[in-house]
Amino acid sequence: MNFSENLQILRKGRNISQEKLAEELNVSRQTVGKWENGVSCPEAECLVEISDFFGVSIDTLLKGTVPEYNETEQESSAHTESPLEDLPAKRQRSRKIRFVAAIVLFIISPFFPGEPGANSVGVFFMVLCVAMGIGLLLYNRLTKDQAG
């Protein structure tokens with residue numbers, strides 16, 4: 001099987017609409033339709049998200065045969081957490097971790113300069129911590145804007 005067939009089997013097996021899958025992957029419904037019709041293929045980052053979402057390897061997703069999703073599996077997994085619900089929670093947790101890391105970098109940055117007149121390695125690390133903290137906060141803001 002190829003990617004388009006595998007994606008369609010996985011999506012329909014989990015009883016997820018193209019629109020809902022598109023929403024979870026931050027793409028349009030038309031994009032998911034193009035993938036399923038074999039008109040286009042997702043970028044590498046999106047392939048990773050799709051494989052994580054459905055719990056299959058990228059290799060299997062692209063050229064393997066995905067298992068059919070049947071009623072007994074659906075009943076046994078009814079009480080487990082759905083990947084559909086899990087993806088936004090993972091994104092939110094990642095944003096929180098980046099935010100905390102940025103705050104920690106800001107807090108430790110003043111401890112690097114060292115003695116006045118000493119070499120500039122301490123100043124370099126202080127500026128590096130501040131720059132990394134700002135970068136993390138900006139990344140959080142950009143990913144939040146794209147998701148919303």
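An axis here is a line fitted to C-alpha atoms, for helices over the stretch in contact, and angles run from 0 to 180 degrees between N-to-C directions. Keep that in mind, as we'll be looking at pairs of helices. Before that, a word on what you're looking at: this is a predicted model, where local features need pLDDT of at least 70, side-chain atom pairs count only at pLDDT 80 or more, and totals for chains, interfaces and linings use all residues. Residues are numbered from 1 along each chain as its sequence is written, and side-chain values use heavy atoms, with hydrogens and water left out.

Let's start with the whole protein. It has eight helices and zero strands, so named because helices (H or I, at least four residues) and strands (E, at least two) are DSSP runs, numbered from the N terminus. Read from the N terminus, the order of elements is α-α-α-α-α-α-α-α. The accessible surface comes to about 9,800 Å², and 58% of that belongs to carbon and sulfur atoms; areas like this come from the Shrake-Rupley method with a 1.4 Å probe, and for residues only the protein chains shown count as cover. Of the 148 residues, 28% count as buried. Buried means under 20% relative accessible area, exposed means over 50%, and partly exposed is in between (1.4 Å probe, protein chains only). As for contacts (heavy atoms within 4.5 Å), take those with a separation of 6 or more: residues 24 or more positions apart account for 65% of them.

Now for the inside. In soluble globular proteins, nonpolar side chains tend to be buried together. A nonpolar core is a set of buried Ala, Val, Leu, Ile, Met, Phe, Trp, Tyr and Cys residues joined through side-chain atoms within 4.5 Å. The largest one here has 16 residues, and those touching the most other members are Phe 3, Leu 7, Leu 21, Trp 35, Ile 50, Phe 54 and Leu 61. At least two residues of this core come from each of H1, H2, helix H3 (29–36) and helix H4 (44–54). Which helix gives the largest share? That's H4, with five residues.

Two packed helices are described by the angle between their axes and the distance between the axes. The axes of H1 and H4 come within 11 Å and cross at roughly 40°. On the H1 side you'll find Phe 3, Leu 7, Leu 10 and Arg 11, which meet Leu 47, Ile 50 and Phe 54 in H4. Sorted by class, that contact has six nonpolar, no polar and one charged residues. For the sorting, Ala, Val, Leu, Ile, Met, Phe, Trp, Tyr, Cys and Pro count as nonpolar, Asp, Glu, Lys and Arg as charged, and the others, Gly among them, as polar.

Beyond its neighbours within four places in sequence, Arg 11 contacts Ile 16, Ser 17, Gln 18, Leu 21, Glu 36 and Phe 54.

Next, H2 against H4. Their axes come within 11 Å and cross at roughly 120°, and the crossing is right-handed. Leu 21, Glu 24 and Leu 25 of H2 make the contact with Cys 46, Glu 49, Ile 50, Phe 53 and Phe 54 of H4. These residues divide into six nonpolar, no polar and two charged.

Finally, visit some loops. Asn 15, between H1 and H2, has a positive phi of about 60° although it is not a glycine. With a relative accessible area of 66%, Asn 15 is exposed. Asn 26, in the loop between H2 and H3, also has a positive phi of about 60° without being a glycine, but Asn 26 is partly exposed, at 40%. Phe 111 sits in the loop between helix H7 (83–108) and helix H8 (121–147). Why does Phe 111 count as exposed? Because its relative accessible area is 69%.

Conventions. A crossing is left-handed if the near helix is turned anticlockwise from the far one by less than a right angle, and right-handed if clockwise.
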